[in-house]
Amino acid sequence: MEINPEEAVDTNINGTKIIADLSTKFGVEKFVMVSTDKAVRPTNVMGASKRIAEIYVQALNQLGKTKFITTRFGNVLGSNGSVIPLFNKQIKKGGPITITHPEVTRYFMTIPEACHLVLEAGSMGKGGEIFIFDMGDSIKIIDLATKMIKLSGLEIGKDIQISYTGLRPGEKLYEELLFEKENTIPTHHPKIMIANVENHDLKNIENHIDELITIADGGDDFNIVKKMKEIVPSFLSKNSKFEKLDFNRV
């Protein structure tokens with residue numbers, strides 16, 4: 001889902017940078033960043049901002065003072081923003097259940113499992129890694145909604161309806177955990193892998209981010225997103241007003 005570019009820069013990029021820089025300054029032993037599968041081939045501002053934050057903390061690891069580790073995974077069941085609380089609320093109201101597209105799929109894991117894997121990855125990390133969690137098979141959102149309706153003792157089409165609202169700006173039909181050019185290195189944990197990703201020069205990415213923050217202060221959404229696309233070439237907007245910025249890039 002598309003969010004305000006200024007907010008994304010301020011929260012996901014500048015916010016991460018400030019905390020990461022302070023961690024280095026004060027000699028924090030380890031810094032674990034929780035990223036998202038939306039950072040992979042991003043189609044919206046949120047995913048792109050997370051990818052830029054990933055690049056920065058991975059590059060900052062080059063200083064050697066703090067071990068910077070990134071974890072990348074999908075949706076957490078029951079967390080804020082999860083579809084399950086939304087569906088429960090809609091079912092209690094008698095519907096309709098709203099789904100953006102019948103073919104939308106997502107990866108899911110439980111809150112305890114996500115916490116366990118983040119802690120495990122943080123423990124095993126030596127610095128500079130992006131850890132990918134094995135989330136199993138992706139699940140169709142329509143299948144999840146159907147099961148929840150049946151478990152509530154209701155019948156689709158009779159007691160409750162399902163309504164398709166259309167993909168939101170920047171929304172993907174399916175999420176990915178890896179770029180095409182990435183591959184993974186196994187670890188001793190069967191559900192944790194290390195992504196083999198491109199490393200970036202710290203000074204170069206720092207200059208780009210400083211410029212992006214300055215642009216964001218100006219409040220021009222298109223200039224902000226244009227700079228984000230320069231930093232993350234794989235960022236191609238989808239179902240968004242920012243698609244026009246990609247016309248000369250594809």
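Which side chain of opposite charge is nearest to Asp37, a residue that is buried yet has no salt bridge? The answer is Lys38, 4.1 Å away. A salt bridge here needs a side-chain nitrogen of Lys or Arg within 4 Å of a carboxyl oxygen of Asp or Glu. For charge, Lys and Arg count as positive and Asp and Glu as negative, while His and the chain ends are not counted. Buried means under 20% relative accessible area, exposed means over 50%, and partly exposed is in between (1.4 Å probe, protein chains only).

Before we go on, a word on the model. It is a predicted one, where local features need pLDDT of at least 70 and side-chain atom pairs count only at pLDDT 80 or more, whereas totals for chains, interfaces and linings use all residues. Residues are numbered from 1 along each chain as its sequence is written, and side-chain values use heavy atoms, with hydrogens and water left out.

Let us stay with Asp37 for a moment. Asp37 sits in the loop between strand S1 (30-34) and helix H2 (45-60). Helices (H or I, at least four residues) and strands (E, at least two) are DSSP runs, numbered from the N terminus. The Asp37 side chain makes a polar contact with the side chain of Thr36, at 3.2 Å. Such a contact is a pair of N or O atoms within 3.5 Å; within protein, one must be able to donate a hydrogen and the other to accept it, and residues adjacent in sequence count only if both atoms are side-chain atoms.

Five strands form an open sheet in the order S1-S2-S7-S11-S10, with mixed pairing. At its edges are S1 and strand S10 (183-186), each pairing on one side only. From one strand to the next, the twist averages 35 degrees. Two strands pair if DSSP finds at least two bridges between them. S10 and strand S11 (residues 192-196) pair in the antiparallel sense over four bridges, and they form a hairpin with five residues between them. Within this pair, Thr184 stands opposite Ala195 and Ile185 opposite Ile194.

Now for the helices. Helix H1 (residues 5-25) lies across S1 and strand S2 (67-72), running at about 165 degrees to S1. Axes are lines fitted to C-alpha atoms, for helices over the stretch in contact, and angles run from 0 to 180 degrees between N-to-C directions. H1 also meets helix H7 (residues 221-231), whose buried residues pack against H1, H2 and helix H6 (202-218). Contact means heavy atoms within 4.5 Å. Among the buried residues of H7 are Ile224, Val225 and Met228. Asp220 caps the N-terminal end of H7, with a side-chain oxygen 3.1 Å from the backbone nitrogen of Phe222.

Finally, back to salt bridges: the whole structure has 12. Asp21 forms one with Lys17, their closest N and O atoms being 3.0 Å apart. These two are separated by about one helical turn, because they are four residues apart in helix H1. Asp21 is partly exposed at 25% relative accessible area, and Lys17 is buried at 11%. Another salt bridge joins the side chains of Glu54 and Arg72 (2.8 Å, N to O). Glu54 lies in helix H2 and Arg72 in strand S2, so the pair ties together parts that are 18 residues apart in sequence. Both residues, Glu54 and Arg72, are buried.
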